[in-house]
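Please find below some numbered remarks on the model under review, written for a colleague who will want to check each point against the coordinates.

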Amino acid sequence: MRCLARIARTLPFALAAGGAWAGGAGAGGAWAAEPDPVARGAYVFQAAGCLGCHTDEKAGGLPLAGGRALKTPFGTFFTPNITPDPANGIGRWTDADFVRAFREGRRPDGAALFPAFPYASYTRMTDRDLLDLKAYLFAQPAAPVANKPHDLTPPFSWRFLVPAWQWMYLTPGPVPDDPARPAAWNRGRYLVDALGHCGECHTPRSLLGGLDADRYLGGNPDGPDGDKVPNITAHPKGVGGWSDGDVGLLLEAGLTPEGDVVGGAMGEVIRNSTSKLTAEDRAAIVAYLKTVPPLE
Amino acid sequence: MNNRVVNALAAASVSALLFASFGGSAGAADPAEQVKDRQQTMKKLGGGMGAVAKFVKNEGATAEDAAKGAEAVLAVAAMDPKTIFPQGTAVGVADSAAKPELWQSWSVAQERWSAMKPAAEKLDAAIKGGDRAQIAQALGATSKTCGSCHEDFRVKKQ
């Protein structure tokens, strides 16, 4: 498969080379030139980290057939089947349905999606990336696996309240590139804020489950599975004391500056997502993170 | 008294009972000590990985430092996981971070542990070869083997 060959070409630790950025076009990155939507979609799929949540890996679930339990302070969500199965998955979704789910957090029938699906971040994705992602997902095998109902604590189980949440916390994208910033920075912001949805875990939430914008990437005491999620701003208590290579090596190999290898949820993110990005894209993430306002 | 202390005391009294009933067979160690030993072993492993990483990142480590680092990694990788993870040293004992699942899925854990040795051997060979890109690749592959256990069997640092 061509896309795999391309991903395999990723240079290890090219961060050390500093100016390795290929001068891609802002949020589109070097991938803007790839003509095949399925190959492009495969990369978007990895950068957006879809596989982990939508696969019940530990129970041996089929890829993308959903069913993974996501324990949150609001209850347990069971992720849905996103294979092209027409009865259980998204096989009947049109392009417009797909884009609307990410952009506005709505199902094809118009009902609001719970924000455990991180559309407050994905709303920033470009139409092209969304449609390429759909092309990739629709090229995957259909899995006839039924969805499990969520197990949520009221009032968070009341779907009719979700539009109010969206009114408070969802700013529909996409977000235009900042022309005053270099292309790598814009690509980095897109990877962190839109595709990587890093803030969904690294930013603390309000009581209503919205991200606290004033504490952007400042760490979250109450992350997935009750874990503490670290501060990744440029503050000394975050990654302020880390070199570019330190951040790059963590994203590529999970190795911290002390030589520890991260596990837990981030270990999975590294395995499924950041280790599979191009070296240029990891460098772009580093370039952007360095400019995130430091928080204690 | 916090939970951790209670748990540690409970574990200590249980092991004291075991000692009493089995006559304290020679070599049976205190679980809290075993946890400490494990942390030392992991520190050695991390120190080795960190030295190689510093060399790869070009941040002040020499090729010799990297070679020493790989040696440390190899030495730990060659150890028997049973001695590093003796029964009764799960989370709750001292400041252990090992999930009980590690012992429940012992064959998986053992398999993952043994994947470290061939990876470390490649790392060592790459350092002797001197090609930085190859070292970087081997370092990534080695840390992957570490991460495979940390992901499933280590509780997150709180």
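1. In this predicted model, the interface between the two chains brings 23 residues of chain B into contact with 23 residues of chain A. On the side of chain B that touches chain A, the helices α2 (31-56) and α8 (132-153) of chain B each supply at least two residues, and the largest share, 10 residues, comes from α8(B). By class, the residues on this side of chain B divide into 7 nonpolar, 11 polar and 5 charged.

2. As to confidence, the model scores ipTM 0.75 and pTM 0.84. The mean pLDDT of chain B is 87, and 81% of the residues of chain B reach 70 or more.

3. From α2(B) the contact is made by M49(B), V52(B), A53(B) and V56(B), while α8(B) contributes R132(B), I135(B), A136(B), L139(B) and S143(B). Sorted by class, this contact of α2(B) with α8(B) has 7 nonpolar, 1 polar and 1 charged residues.

4. For chain A, an unreviewed UniProt entry lists residues 36-141 and 183-293 under "domain: Cytochrome c", and such an annotation may be inferred rather than shown by experiment. Over residues 36-141 of chain A the model has 39% helix and 8% strand, with the end C-alpha atoms 19 Å apart. Residues 183-293 of chain A are 42% helix and 0% strand, and the end C-alpha atoms of this span likewise lie 19 Å apart.

5. Some backbone details deserve a look, given that most residues other than glycine have a negative phi, and most peptide bonds are trans. In chain A, the peptide bond from P154(A) to P155(A) is cis, with omega near 5°, and P155(A) is placed in the loop between β3 (151-152) and α7 (162-169) of chain A. A cis peptide bond also joins G173(A) and P174(A), with omega about 0°, and P174(A) lies in the loop between α7 and α8 (183-195) of chain A.

6. Positive phi values occur at residues other than glycine in both chains, at L217(A) and at N58(B). Phi is near 60° at L217(A), which lies in the loop between α9 (199-202) and α10 (244-253) of chain A; L217(A) counts as buried because 28 C-beta neighbours lie inside 10 Å, where 20 or more are needed. Phi is about 65° at N58(B), in the loop between α2 and α3 (63-77) of chain B, and N58(B) counts as partly exposed because it has 13 C-beta neighbours inside 10 Å.

7. Where does V108(B) sit, and is V108(B) buried or partly exposed? V108(B) is found in helix α6 (residues 106-114) of chain B, and with 15 other C-beta atoms within 10 Å it is partly exposed. The C-alpha atoms of V108(B) and G147(B) are separated by 14 Å, the two residues being 39 residues apart along the chain.

Terms used: Residues are numbered from 1 along each chain as its sequence is written. Chains are lettered from A and ligands numbered from 1 in the order in which they are written. This is a predicted model: local features need pLDDT of at least 70, side-chain atom pairs count only at pLDDT 80 or more; totals for chains, interfaces and linings use all residues. Helices (H or I, at least four residues) and strands (E, at least two) are DSSP runs, numbered from the N terminus. Two residues are in contact if their C-beta atoms, placed from the backbone, lie within 7 Å. Ala, Val, Leu, Ile, Met, Phe, Trp, Tyr, Cys and Pro count as nonpolar, Asp, Glu, Lys and Arg as charged, and the others, Gly among them, as polar. pLDDT is the predictor's confidence in each residue, from 0 to 100. A residue is buried if 20 or more other C-beta atoms lie within 10 Å of its own, exposed if 12 or fewer, and partly exposed in between; C-beta atoms are placed from the backbone.
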